[in-house]
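Here's a quick briefing to read alongside the sequence and the 3D view.

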Amino acid sequence: MSSRMNPVAARLFAAVVCLLSLLPGAEAADLRPLLKQLASDERSAVVEAVEALGNSGDPLALSILEALQGGTLRLTPAGRALIASDTGSPLQELGSGKAAAADPTALVTPLVSNQVRRAIEPAIAQLQLVSPDGATRLKAARELARRAGPEDAALMRAVLARETEPEIRLALESALARLDLTNPDRDLRLQAIRRIQAQGDIQLKSELVRLTAAKEDGAFAEPDAEVRAAAAAAIHAIDRRQTLVGLVANLLYGLSLGSVLLLAALGLAITFGQMGIINMAHGEMLMLGAYTAYAIQNFVRSALPGLFDYYLVPALPAAFLVCALVGIALERSILRFLYGRPLESLLATWGISLVIIQVVRLVFGAQNVTVANPSWLSGGYAAAPGLVLPYSRVAIVLLGAIVVALVWLLLQRTSLGLQIRAVTQNRPMAASMGVRTAWVDTLTFALGSGVAGIGGVALSQLGNVGPELGQSYIVDSFMVVVLGGVGNIGGAIAGAMGLGIVAKYLEPFTDAVLAKIFLLLFIILFIQKRPQGLFALKGRAAEG
Amino acid sequence: MHGRLESIASLHTRRGWLAFLAITLTVMVGLPLLNLLPPAGGRLHLPDFLIPLLGKFFCYGIVALAMDLIWGYVGVLSLGHGVFFALGGYAMGMHLMRSIGTEGVYRSKLPDFMVFLDWKELPWYWQGFDHFWFAALMALLVPTGLAYVFGFFAFRSRIRGVYFSIITQALTFAMMLLFFRNNTGFGGNNGLTDFKRLLGFSLHAHSTKVSLYLVSGAALALSYLACRFVVSSKLGRLLAAIRDAESRIMFSGYNPLDYKLFAWTLSALLCGLAGALYVPQVGIINPGEMQPSNSIEMAIWVAVGGRGTLVGPLLGALLVNGAKSVFTVVYPEAWLFLLGGLFIGVTLFLPRGLLGLFDSAGQVWRRARKRPGPAHNPRSDDEPAATLTPMTPDGAAE
């Protein structure tokens with residue numbers, strides 16, 4: 001294949017190679033007779049040698065078999081293994097990886113027939129299972145578990161007896177359990193069922209179901225009644241566990257949806273509580289935040305590709321700033337003239353949102369854009385079999401918690417927060433105490449818009465970003481405000497999380513759309529009982 | 001009987017009635033004649049495409065009246081009137097679907113989308129829509145019923161101001177989602193379309209279009225008179241009083257619930273009527289009509305024209321939709337800027353709308369003529385009682 005070596009040079013090195021091969025390498029010495037056998041013309045002898053190599057448990061045997069499978073194995077008459085490469089570089093000695101010279105004419109390419117090929121695969125798997133490298137073992141165990149037949153059971157038991165890595169044991173045990181289900185030994189079957197139950201493997205559940213099901217002629221696939229009972233109990237246990245896993249997963253999805261809603265509605269609740277106006281353009285702040293993330297992503301990708309994984313770090317404060325500045329501009333130029341006219345402010349802010357959407361469409365195009373997840377946010381944490389918690393969802397819940405904590409600190413522990421609360425409770429009184437209410441209004445508006453911008457960055461990690469992004473969230477965030485009541489963080493948290501979690505738990509029973517409709521109906525009925533929301537302000541503030 | 005006639009006659013001054021009759025005659029007789037008599041392409045000829053377009057605008061005009069009734073006179077801003085409009089439209093659309101008969105794409109007795117969904121028979125809520133009278137009744141009853149139930153719960157718990165507005169927005173949003181589902185049975189995303197005929201007349205014939213135009217115009221004129229009747233009655237004064245100081249009305253021994261509920265359901269009824277007339281003229285009804293943005297646009301018609309005047313919102317509906325028709329064709333990118341600017345500009349600078357602007361201008365001019373010199377106070381005691389009373393801050397800032 002690649003023996004384009006200079007024949008003279010080859011001869012020169014041949015002697016050296018021969019000397020080297022005589023050096024006592026313990027394992028190499030053990031394999032040498034097998035390698036000689038591998039070079040045999042007899043097909044059955046080759047198969048035998050492959051099987052023997054598989055049983056040897058030698059790491060070097062694995063490399064030999066892999067080379068044999070790839071067709072790159074060359075054998076010297078002395079029984080040494082060399083690997084040929086396509087690139088024309090010198091032959092390498094297996095194991096040491098040193099360049100080795102040998103007489104190309106004397107080299108033997110072992111015979112690889114289909115029969116041999118069939119023998120190679122299990123032998124390789126067998127060797128991989130005892131490889132010192134944990135990752136190789138795990139891979140082999142998974143591969144074996146996927147396609148194991150009854151003939152592999154003994155091997156797996158042997159490996160299992162020595163294996164200590166829990167993940168590998170798990171893969172082997174479930175593979176073994178699947179095989180044992182059809183074992184003639186009743187005790188082994190029972191043991192297998194117990195193991196499946198303990199592991200809660202959904203894929204194996206169908207095997208259990210098959211066991212307990214009656215065939216057409218009324219007989220059962222499983223003759224023993226006790227085993228059938230055990231299987232039925234195991235199915236029940238697996239189902240229960242699956243429900244639990246579903247509940248936990250829904251909780252996370254609900255919390256993350258709630259967090260997005262919270263980030264969207266928090267600003268709305270604060271500004272509505274303080275200024276009595278509903279900002280219909282609030283959804284567009286989410287959208288602007290998401291587009292800020294998009295712009296920063298593109299900038300980092302082109303200017304600092306090495307730091308791409310960290311583009312979210314500047315994106316969060318940037319989104320806050322951009323949206324806060326837009327908020328200040330809107331408040332100063334338009335909204336401050338509308339205080340005391342809530343219905344008109346509703347229409348004016350709707351007009352603002354139309355203009356913002358159209359501007360974004362002209363700048364970024366009407367098509368949706370994609371904001372890539374950084375690598376540390378893709379994938380998820382496998383908490384239990386069948387339960388994968390996506391990192392992006394977990395991160396959004398954390399982000400929501402951090403932002404809410406910061407806003408709470410701002411409101412409760414700073415003088416600005418004190419002024420905001422004072423203006424919310426009694427504007428004329430606050431003004432007469434020297435609070436610059438107009439200034440406080442502007443800053444509150446900036447704060448609410450900025451928080452929505454951060455929510456937009458979170459949204460950009462969940463799906464595509466388009467000019468209409470904010471529109472789809474605005475009704476939901478209003479509902480949060482209605483549910484939670486205005487002007488307090490606790491209400492917004494309860495409203496957002498309640499809506500998010502209930503929506504996710506309703507979805508399995510109906511479809512997502514009906515779940516949403518039920519929620520809206522519920523809210524309409526809910527405000528019959530509590531028109532001021534879950535956490536109505538008491539006393540004078542409530543009179544508005 | 002005599003008293004009834006008298007009260008109708010007192011809806012307008014003599015000049016008002018003359019203007020009403022002149023406009024009605026122009027719309028109902030003049031324009032159709034201009035379309036039908038002069039040869040096509042002639043200078044006086046009204047192009048054919050304008051007839052259904054104007055008919056559509058008349059439907060919007062009825063919606064604007066309905067919005068004004070509830071917003072201008074009761075101070076309740078609904079952001080969900082699109083639902084009532086669309087429900088009326090769907091009821092008519094269902095009848096039109098049934099009138100297709102077996103001429104659909106699949107030659108089935110069932111509407112095409114049901115064949116597509118592999119439904120074998122008509123769902124129960126489609127029964128009866130084969131009859132025009134039933135569909136017409138439903139076009140009015142369904143929106144009215146929904147409005148009654150929704151309004152009863154909302155007004156009973158005294159949901160007011162922006163709370164009411166965003167709840168109505170949620171209502172239209174929820175209904176839109178519901179109608180978007182294929183399994184709801186109203187054609188899902190595509191809605192109801194491909195209509196062939198109404199009461200045996202082909203919808204593609206020009207004569208049918210002119211007839212629908214005339215019916216819409218008549219409906220608009222009658223709706224206007226009905227609204228004028230309501231707002232100038234004692235009930236109308238009560239509604240305005242509720243708008244301006246609901247608590248005081250309660251202390252005076254009235255229960256605002258009944259009055260608000262009446263105006264609210266009447267408003268929904270008018271919307272249902274408008275929707276039923278709209279669908280045969282545009283040939284399609286789909287859940288897009290229930291988008292929250294559509295309902296908010298209805299509010300801007302009213303705001304542009306001037307709340308609490310009935311005539312103003314009519315004017316606003318015609319102007320805004322006329323501008324929309326022109327701009328979305330000539331310069332589509334600018335339309336949203338214009339519409340957004342309209343929302344902002346009208347609320348900031350024209351709180352009383354165009355009619356308010358004319359009114360102020362007229363007063364300034366009259367005063368200037370009476371006694372020369374600058375007018376210091378354009379709004380004084382001799383201001384006619386019929387003009388709009390702007391919403392007072394304490395009425396609106398609940």
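Chain A carries 22 helices and 5 strands. Keep in mind that this is a predicted model. Out of the 544 residues of chain A, 43% count as buried. Looking at contacts in chain A between residues at least 6 apart in sequence, 71% of them join residues at least 24 apart.

**Where chain A meets chain B**

- The two chains touch through 35 residues of chain A and 40 residues of chain B.
- On the chain A side, α14 (342–364), α19 (469–484) and α21 (512–529) each bring at least two residues to the part that touches chain B.
- The largest share of that side comes from α14(A), with 14 residues.
- Sorted by class, the side of chain A that touches chain B has 26 nonpolar, 6 polar and 3 charged residues.

**Nonpolar cores**

- The largest nonpolar core has 192 residues, and the ones with the most contacts inside it are Ala265(A), Ala290(A), Val63(B), Ala299(B) and Ile300(B).
- Leaving aside residues up to four places away in sequence, Ala299(B) touches Leu347(A) from the other chain's list of names, plus Met67(B), Trp71(B), Leu77(B) and Leu79(B).
- Another core, of 27 residues, lies apart from the largest one; among its members are Ala140(A), Leu144(A), Leu176(A) and Leu204(A).
- As background, nonpolar side chains tend to be buried together in soluble globular proteins.

**Domains of chain B**

- In the contact between them, 9 residues of domain 1 of chain B meet 14 residues of domain 2 of chain B.
- Helix α2 (residues 14–36) of chain B gives the largest share of the domain 1 side, 5 residues.
- By class, that side of domain 1 of chain B has 7 nonpolar, 2 polar and no charged residues.

**A residue on α2 of chain B**

- Thr26(B) sits in helix α2 of chain B.
- Thr26(B) is exposed, because it has 11 other C-beta atoms within 10 Å and the exposed class takes 12 or fewer.
- Thr26(B) and Arg307(B) are 281 residues apart along the chain, and their C-alpha atoms are separated by 25 Å.

**A helix pair in chain B**

- Helix α9 (residues 234–244) and helix α11 (residues 256–282) of chain B have axes that come within 10 Å and cross at roughly 110°.
- That angle falls in the 65 to 115 degree range, so α9(B) and α11(B) are roughly perpendicular to each other.
- From α9(B), the contact uses Leu235(B), Leu238(B), Leu239(B) and Ile242(B), and from α11(B) it uses Pro256(B), Tyr259(B), Lys260(B) and Ala263(B).
- By class, this contact of α9(B) with α11(B) has 7 nonpolar, no polar and 1 charged residues.

**Positive phi in chain B loops**

- Asp194(B) has phi near 65°, a positive value in a residue other than glycine.
- Asp194(B) belongs to the loop between β1 (192–193) and β2 (197–198) of chain B, and it is partly exposed, with 16 other C-beta atoms within 10 Å.
- Leu199(B) is not a glycine either, yet its phi is positive at about 55°.
- Leu199(B) is in the loop between β2 and β3 (201–202) of chain B, and with 10 C-beta neighbours inside 10 Å it counts as exposed.

Terms used:
Residues are numbered from 1 along each chain as its sequence is written. Chains are lettered from A and ligands numbered from 1 in the order in which they are written. This is a predicted model: local features need pLDDT of at least 70, side-chain atom pairs count only at pLDDT 80 or more; totals for chains, interfaces and linings use all residues. Helices (H or I, at least four residues) and strands (E, at least two) are DSSP runs, numbered from the N terminus. A residue is buried if 20 or more other C-beta atoms lie within 10 Å of its own, exposed if 12 or fewer, and partly exposed in between; C-beta atoms are placed from the backbone. Two residues are in contact if their C-beta atoms, placed from the backbone, lie within 7 Å. Ala, Val, Leu, Ile, Met, Phe, Trp, Tyr, Cys and Pro count as nonpolar, Asp, Glu, Lys and Arg as charged, and the others, Gly among them, as polar. A nonpolar core is a set of buried Ala, Val, Leu, Ile, Met, Phe, Trp, Tyr and Cys residues joined through C-beta atoms within 7 Å. Axes are lines fitted to C-alpha atoms, for helices over the stretch in contact, and angles run from 0 to 180 degrees between N-to-C directions. Angles under 35 degrees count as roughly parallel, over 145 as roughly antiparallel, 65 to 115 as roughly perpendicular and the rest as oblique.
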